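Good morning, and thank you for coming. Please look at the structure now shown, and I shall take you through it.

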Amino acid sequence: MSYVEKKGDCWLWKGATDCKGYSIFYYKGKAQFGHRVSLLLFNKDEHFKLTPGKIVCHSCKNKNCVNPGHLREDTLQSNSKDKHMDGTAQTGDKCHFSKLNWNQISEIRSSNLKIPEVARKYQVSEQAIRRILQGKSWISQPEIQPLPNLQLSFLQLHLYAF
Ligand SMILES: [Zn+2]
């Protein structure tokens with residue numbers, strides 16, 4: 001199964017995302033933004049490290065794009081639009097905009113109600129409920145795809161693309 005869909009030059013991450021739509025990988029024991037991990041994995045210099053205090057920005061408009069060619073390090077000041085990207089990915093009730101909590105999430109996941117009814121009950125969008133049910137938001141660590149799948153998808157993409 002591939003977690004990456006090619007759209008134009010972009011490699012769109014189809015796996016888990018955080019509450020704002022940024023890709024999440026489970027890497028080195030924690031949930032991290034895919035664009036940061038991608039830049040690390042695809043750098044030809046094996047000793048390459050992300051510079052502390054710098055953030056990883058997209059040159060394209062797709063928040064879930066993990067094409068290392070579309071990613072660059074930049075300072076926070078010169079890229080205020082991408083200011084979320086420093087540090088570790090936030091999921092579930094760590095999200096600022098989150099109206100729900102983990103107890104409600106398990107109620108929602110075990111509910112027999114239809115999606116519009118659940119959305120009304122918890123006063124969130126149907127899209128938000130769908131993402132919860134599909135496991136794309138409110139991700140506990142074991143649900144976050146492990147890295148080998150990603151490396152495989154990248155590898156396949158490289159073989160097809162170049
Ligand atoms: Zn892109």
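The protein chain has an average pLDDT of 74, pLDDT being the predictor's confidence in each residue, from 0 to 100. Of its residues, 69% score at least 70. This is a predicted model, in which local features need pLDDT of at least 70 and side-chain atom pairs count only at pLDDT 80 or more, while totals for chains, interfaces and linings use all residues. Residues are numbered from 1 along each chain as its sequence is written.

The chain has 5 helices and 6 strands; helices (H or I, at least four residues) and strands (E, at least two) are DSSP runs, numbered from the N terminus. Along the sequence, their pattern is β-β-β-β-α-β-β-α-α-α-α.

Where is confidence highest, and where is it lowest? Helix H3 (residues 115–122) has the highest mean, 94, and helix H5 (residues 147–161) the lowest, 50. Over residues 155–162, pLDDT stays under 50, as it does over residues 80–86. Where pLDDT is low, the predicted coordinates should not be read in detail.

Let us turn to the strands. S1 (residues 4–7) pairs with S2 in the antiparallel sense over 4 bridges; pairing requires that DSSP finds at least two bridges between two strands. Val4 stands opposite Trp13 in S2. The hairpin of S1 and S2 has 2 residues between the strands, and Gly8 there takes a positive phi near 60°.

Finally, burial. Of the 162 residues, 28% count as buried, that is, with 20 or more other C-beta atoms, placed from the backbone, within 10 Å of their own. In helix H1 (residues 34–41), the buried residues include Gly34, His35 and Val37.

Note on methods:
Contact = placed C-beta atoms within 7 Å. Buried ≥ 20, exposed ≤ 12 C-beta atoms within 10 Å, placed from the backbone.
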